[in-house]
Amino acid sequence: MAKYKIAWLPGDGIGKEVLEAAKIVLDRIALDAEYIHGDIGWDFWCKEGDAFPQRTIDLLKNVNAAMFGAITSKPVKEAEKELIPSLQGKGLIYRSPIVRMRQLFDLYNCLRPCKAYPGNPINFKEGIDLVMFRENTEDLYAGVEFAPVPAEVRDVLSKVSKPFAPFKDLPSEDYAISCKINTRKGSERIVRAAFDFARKFNRKKVTVIHKANVVRATDGLFLEMARKVAKDFPEIKMDDANIDAMTMWILKNPFNYDVLVAPNLYGDIISDLCAQLIGGLGFGCSGNIGTKLAVFEPTHGSAPKYAGQYKCNPIATILAVKMMLDWLGEADKGTRLEKAVAAVIREGKVRTYDMGGSNKTLEMAEEIAKKL
Ligand code: IPM
Ligand code: MG
């Protein structure tokens with residue numbers, strides 16, 4: 001029996017292609033693992049009305065880790081039209097499977113390292129090495145949303161006395177509500193994950209991203225918990241900044257930052273920004289980490305317009321494989337893989353289109369595999 005069971009979830013669009021690339025390096029590095037395919041993605045939404053079927057949920061209960069490609073998603077109304085005719089009109093609502101997966105398995109820590117590998121022609125600046133910790137289960141992603149707004153909710157709101165409440169006299173269908181829900185527990189554990197990482201890897205500073213000057217209740221709580229956690233780590237500096245200012249300052253001087261931590265939506269935004277600093281989404285890797293399960297994926301989406309062309313850069317996914325190896329306790333293999341990626345980037349003989357080259361997805365993976 002293999003040492004590890006890994007769920008293999010290609011999804012759709014370029015998700016399938018980048019996972020094919022990931023398999024090439026995993027085979028070469030000879031991880032003692034069994035890879036078990038899981039159905040997930042747009043095809044299953046169209047055919048079954050569920051992009052994340054129960055059988056895949058059950059699979060994830062019995063594996064050590066998972067590799068996830070990407071999934072196409074569309075706004076609710078458009079998604080409904082893609083269902084097979086017998087499922088239309090049944091009130092099925094498309095929900096992003098990855099968001100559901102993060103919540104269902106309590107994968108609370110979205111870890112997104114952003115390192116500029118030397119010699120990458122599309123690095124914003126050489127030497128950038130940021131690590132983002134994004135809260136991954138709550139905040140505006142809580143999924144508590146109302147459109148139209150039901151009577152009970154209108155009732156509660158009518159009791160709130162606010163000088164500015166333009167929605168009060170509107171009909172239910174003329175406004176919508178998405179709740180931003182942040183808990184002490186959720187805020188504390190992601191900040192703690194960031195500080196633990198900083199301590200373990202000798203990082204100097206953790207920056208907490210928020211908008212507590214305006215969004216006082218939720219972001220105020222996040223910041224309060226961050227300050228509390230920081231006291232347990234006196235050797236690590238903590239600072240904090242508003243999300244809007246952060247987008248500017250990170251661009252202005254990325255070297256002022258080290259480890260970043262943020263609630264879910266701000267973390268989503270900042271992690272794309274950080275990915276661009278190190279060459280774009282072709283290099284942004286991501287771990288969704290819980291206490292029992294971790295799911296690794298590229299930060300990018302399914303890029304439907306490139307699907308089937310095998311032209312996208314698989315490095316983001318291959319770096320996600322590195323993260324998985326580290327998480328499984330196979331750090332030697334993880335380090336070997338990262339060195340191989342770094343060597344291929346530095347040599348510059350094989351480059352995908354985003355890097356100004358014309359090599360294909362699998363050629364890049366083969367080149368990395370050759371160095372292992
Ligand atoms: C990400 C993505 C997802 C998110 C989408 C695909 C739902 O943008 O992983 O950053 O918003 O979390
Ligand atoms: Mg995102």
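# Close-up views of a predicted model

**View 1. Serine 286 is buried, with a relative accessibility of 0%.** Here, buried means under 20% relative accessible area, exposed means over 50%, and partly exposed lies in between (1.4 Å probe, protein chains only). The structure is a predicted model, in which local features need pLDDT of at least 70 and side-chain atom pairs count only at pLDDT 80 or more, while totals for chains, interfaces and linings use all residues. Residues are numbered from 1 along each chain as its sequence is written, chains are lettered from A and ligands numbered from 1 in the order in which they are written, and side-chain values use heavy atoms, with hydrogens and water left out. Serine 286 belongs to strand β11, which comprises residues 285–289. Strands (E, at least two residues) and helices (H or I, at least four) are DSSP runs, numbered from the N terminus. Between the C-alpha atoms of serine 286 and methionine 1 there are 28 Å, and along the chain the two are 285 residues apart.

**View 2. Methionine 1 precedes strand β1 (4–11).** Its relative accessible area is 96%, so methionine 1 is exposed. Aspartate 32, 31 residues away from methionine 1 in sequence, has its C-alpha atom 9.0 Å from that of methionine 1.

**View 3. Arginine side chains approach oxygen atoms of ligand 1, including that of arginine 102 at 2.7 Å between an N or O atom and a ligand oxygen.** For arginine 112, a polar side-chain atom is placed 2.7 Å from an oxygen atom of the ligand. In the case of arginine 134, an N or O atom of the side chain is 2.8 Å from an oxygen atom of ligand 1. On its own, ligand 1 has 320 Å² of accessible area, of which the protein covers 73%. Such areas come from the Shrake-Rupley method with a 1.4 Å probe; for residues, only the protein chains shown count as cover.

**View 4. Helix α5 spans residues 97–104 and has buried residues, namely Pro97, Ile98, Val99, Met101 and Arg102.** An α-helix has 3.6 residues a turn, so residues three or four places apart point the same way. After α5 comes aspartate 106, with a positive phi near 50 degrees.

**View 5. Threonine 352 occupies the loop between α12 (331–347) and α13 (361–370).** The residue is buried because its relative accessibility is 0%. Its side chain and that of aspartate 354 form a polar contact of 2.6 Å. A polar contact is a pair of N or O atoms within 3.5 Å; within protein, one must be able to donate a hydrogen and the other to accept it, and residues adjacent in sequence count only if both atoms are side-chain atoms.

**View 6. The peptide bond between alanine 147 and proline 148 is cis, with omega at about 0 degrees.** Proline 148 is situated in the loop that runs between β6 (145–146) and α6 (151–159). Most residues other than glycine have a negative phi, and most peptide bonds are trans.

**View 7. Alanine 30, a residue other than glycine, has a positive phi near 55 degrees.** The loop between α1 (15–29) and β2 (33–37) holds alanine 30. With a relative accessible area of 53%, alanine 30 is exposed.

**View 8. Asparagine 202 is not a glycine, yet its phi is positive, at about 60 degrees.** This asparagine is found in the loop between α7 (184–200) and β8 (205–210). Asparagine 202 counts as exposed because its relative accessibility is 59%.

**View 9. Valine 63 is part of the loop between α3 (54–60) and β3 (65–70).** A relative accessible area of 11% makes valine 63 buried. Tyrosine 175 is 112 residues from valine 63 along the chain, and their C-alpha atoms are separated by 43 Å.
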